[in-house]
Amino acid sequence: MSILSGSTFEEQIGYARAVVDGDWVHVSGTTGFDYTTMTISDDVVEQAEQCLRNIEAALVKAKCTFADVVRVRYLLPDRADFEPCWPTLRRAFGEVRPAATMLMCGLADPRMKIEIEVYARLVTA
């Protein structure tokens, strides 16, 4: 099952915000754009907060939460921007403790300061 967010990038590039494959939920790299207005803050912490709101919306559509996240990747063009985001990231993942990696790389749009990708596992009873 593919999950779309309404981001114009999904249509222009040809991908889904998330894909549910059995028990696994693969959430695409998600940036700090507000997908309803396609605007983005200049502040990296605000972008991280919006990334998490965007990811949470995809997880909810997949019938899971941050508690189901087992892997997270943080992608940033500037390593100095990572530490200011830690309190925001800790609020989402501090209790969950998923495996995590931070990579420094260029992003698709110079306004983007952080991109977050997660993998979650649906809990089946």
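This is a predicted model: local features need pLDDT of at least 70, side-chain atom pairs count only at pLDDT 80 or more; totals for chains, interfaces and linings use all residues.
A residue counts as buried when its relative accessible area is under 20%.

**Aromatic pairs**

By the cut-off above, Phe9 is buried, because its relative accessible area is 18%. Phe33 is buried as well, with a relative accessible area of 1%.

A search of the whole structure finds four aromatic pairs. One of them joins Phe9 and Phe33: the ring centres lie 5.2 Å apart and the planes meet at 75°, so the pair is edge-to-face. The threshold behind this assignment is an angle over 60 degrees. Phe9 belongs to helix H1 (residues 8-14), whereas Phe33 sits in the loop between strand S3 (24-31) and helix H2 (44-61); the pair therefore ties together parts that are 24 residues apart in sequence.

Another aromatic pair is formed by Phe82 and Trp86, and this pair is also edge-to-face, at 5.9 Å centre to centre with 85° between the planes. Both residues lie in helix H3 (residues 82-93), and because they are four residues apart there, about one helical turn separates them. Phe82 counts as buried at 16% relative accessibility, while Trp86 is partly exposed, with a relative accessible area of 39%. Together with Tyr74, Phe82 and Trp86 form one aromatic cluster.

The two pairs described above are set out below.

| Pair | Centre distance | Angle between planes | Geometry |
|---|---|---|---|
| Phe9 and Phe33 | 5.2 Å | 75° | edge-to-face |
| Phe82 and Trp86 | 5.9 Å | 85° | edge-to-face |

In general terms, the distance of the centres and the angle of the planes describe a pair of aromatic rings.

Strand S4 (residues 69-76) pairs with strand S5 (residues 99-104) in the parallel sense, and six bridges connect them. Within this pairing, Leu75 has Leu103 in S5 as its bridge partner.

**Helix packing**

How do the axes of H2 and H3 cross, and within what distance do they come? The axes come within 8 Å and cross at roughly 20°. That angle makes H2 roughly parallel to H3, since angles under 35 degrees count as roughly parallel. The crossing of H2 and H3 is right-handed.

Methods
Residues are numbered from 1 along each chain as its sequence is written. Side-chain values use heavy atoms; hydrogens and water are left out. Rings of Phe, Tyr and Trp (its six-membered ring) pair if their centres lie within 6.5 Å; planes under 30 degrees apart count as stacked, over 60 as edge-to-face and the rest as tilted. Helices (H or I, at least four residues) and strands (E, at least two) are DSSP runs, numbered from the N terminus. Buried means under 20% relative accessible area, exposed over 50%, partly exposed in between (1.4 Å probe, protein chains only). Two strands pair if DSSP finds at least two bridges between them. Axes are lines fitted to C-alpha atoms, for helices over the stretch in contact, and angles run from 0 to 180 degrees between N-to-C directions. Angles under 35 degrees count as roughly parallel, over 145 as roughly antiparallel, 65 to 115 as roughly perpendicular and the rest as oblique. A crossing is left-handed if the near helix is turned anticlockwise from the far one by less than a right angle, and right-handed if clockwise.
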